[in-house]
Amino acid sequence: MYRATNRLFILLLLLITAACSDPASAPENVNESLVGAGVETALQEPVAGAMASQEISGPVIVYSSRQEHLIKPLFDRFTEETGIEVQYQTGEDGPLIARLQAEGKQTFADVLYTVDAGNLWSAAEKGLLAPIRSVVLEKNIPSHLRDPQNRWFGLSVRARTIAYSTERVDPASLSTYEALADEQWRGRLCLRTSRKVYNMSLVATMIERLGKEATQEIVEGWVDNLATRVFSSDALLIEAIAAGQCDVGLVNTYYLGQLQSENPDIPVALFWANQQSSGVHVNISGAGVTQYAKNPLAAQRLLEWLSTEEPQTMFSALNLEYPANPAIEPVDLVASWGEFRQDSLNVEIAGRLQAEAVMLMDRADYR
Ligand SMILES: [Fe+2]
C-alpha cells in the first residue's frame, strides 16, 4: 500500500513539474513517460478492494510494443480477476527498449512486453530484464519458448511457414524452407523484405542448424527464384499470391487468418514446412519483468496469469496466434489449419544470431 501510494505521489509530482516547465527543457525520458495511456491512468485511484485485501497490489506498468487493441482486453480481464490495475505505454520495439535503457533506475516500467524473441534477447543482454523464478511459468511455457536464464517468457506463438496458391500449386510439391531455393520455384516465389525481423529470425535458426555456408546458398536460391520485388508486409505478399503474381511465399500464419476472416474463399493455403526435419519456425510475443521494476511481484503475477487458460485463448482469438501454453487449444479458425510440429530450438537464437543473419542476407543480395 505504502509503495503504491508513494508511486502515485511521485507520478503526480512529475506531472505538475512537466506542466509547469518548458517542454523543450524537460528531461526527455520523464516527459515522454507522461504521455499516453499508461500515465494518464496513473492518477486514477487503484481498485480499493484489492488494495485492502491482497498482499500484491497494483498498478503494474507495462511498456508494450503490442498494439493497444491486442493488450487492453487481456489487462482488463487481469484487473477484473485480481484487482491489480495495469497501466501501459505502447510504442515500437527499438524506441521502447532504448527508453527503458535511458531511464535506468528511474523507469516506471515493471514489465516489457514485445514481439519477437530477438527483441527480448536484446533487452536481456542490455541488463534491462530481471531473472525470475516462477513454478507457474516454468510449467505453462515450454522451455524452448523462454529465456534459459528466466529473464523473459513467451506468451503467444507465431508460426512462420509456407503459403501457397491453391489454384497453381500442388501441396505435394512442397516440403521445406530450404526447397524453396530449388529451380522448380524460379520466378514463382514471393518474399517479404529481409529488413523485417521475422525473416532475420528464420534465417538465424537456419544458420544455427545448417551452418553459414549452406544457409547462404539457400538464401541465394530464394533470391534467384523471386517473382517480384520484396514486399513490405506479409498481408501484401499473400494478396500477391491470390492475385497470381507468385505461387508461394513465407508468412506468419495470423496474416492469412486475418485475410480469411474477411474473405474465407481467398485461394491461398498454409503448408507446414520441415515436418520431416527441423519443424516449423516459430517465434513469440513475450514479456519479462524489468530490472528496476518498482512492483516486481505484481509484474510476475501478471506474467503468470497471462500463461493460464483464459488469456492464452484470448491471444489466439485477438490476433489468431497460437497459445504458448501447449495445454490450451487455439480458436477454431487457427485450429482449422491443422496441427504441426514446431522447431524446438530455443527462440533466443533469433537474437543471438540476428546480426549474423542480417549480414548473410546482405551477402546473398536479399534486400
Ligand atoms: Fe506481424
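Colleague: Which residue in β2 does S64 stand opposite?

Modeller: That's T90. Keep in mind that this is a predicted model. S64 belongs to β1, and β1 pairs with β2 (residues 86-90) in the parallel sense, over 5 bridges.

Colleague: Which residues of β1 are buried on each side?

Modeller: On one side you have V60, V62 and S64, and on the other I61 and Y63. That makes 5 of the 5 residues buried, so β1 is largely enclosed by the rest of the structure.

Colleague: Okay, switching to α11. Which residues are buried there?

Modeller: In α11 (residues 234-242) they are D234, L237, I238, A240 and I241. They span an arc of only 155° around the axis, so they lie on the same side of α11.

Colleague: What do they pack against?

Modeller: Several elements, including β4 (153-165), β6 (248-252) and α12 (253-262). Just after α11 comes G244, with a positive phi of about 90°.

Colleague: Last one, about the whole chain: what share of the residues counts as buried?

Modeller: It's 48% of the 367 residues. The secondary structure comes to 17 helices and 9 strands.

Key. Residues are numbered from 1 along each chain as its sequence is written. This is a predicted model: local features need pLDDT of at least 70, side-chain atom pairs count only at pLDDT 80 or more; totals for chains, interfaces and linings use all residues. Helices (H or I, at least four residues) and strands (E, at least two) are DSSP runs, numbered from the N terminus. A residue is buried if 20 or more other C-beta atoms lie within 10 Å of its own, exposed if 12 or fewer, and partly exposed in between; C-beta atoms are placed from the backbone. The arc is that of the directions from the helix axis to the C-beta atoms. Two residues are in contact if their C-beta atoms, placed from the backbone, lie within 7 Å. Two strands pair if DSSP finds at least two bridges between them.
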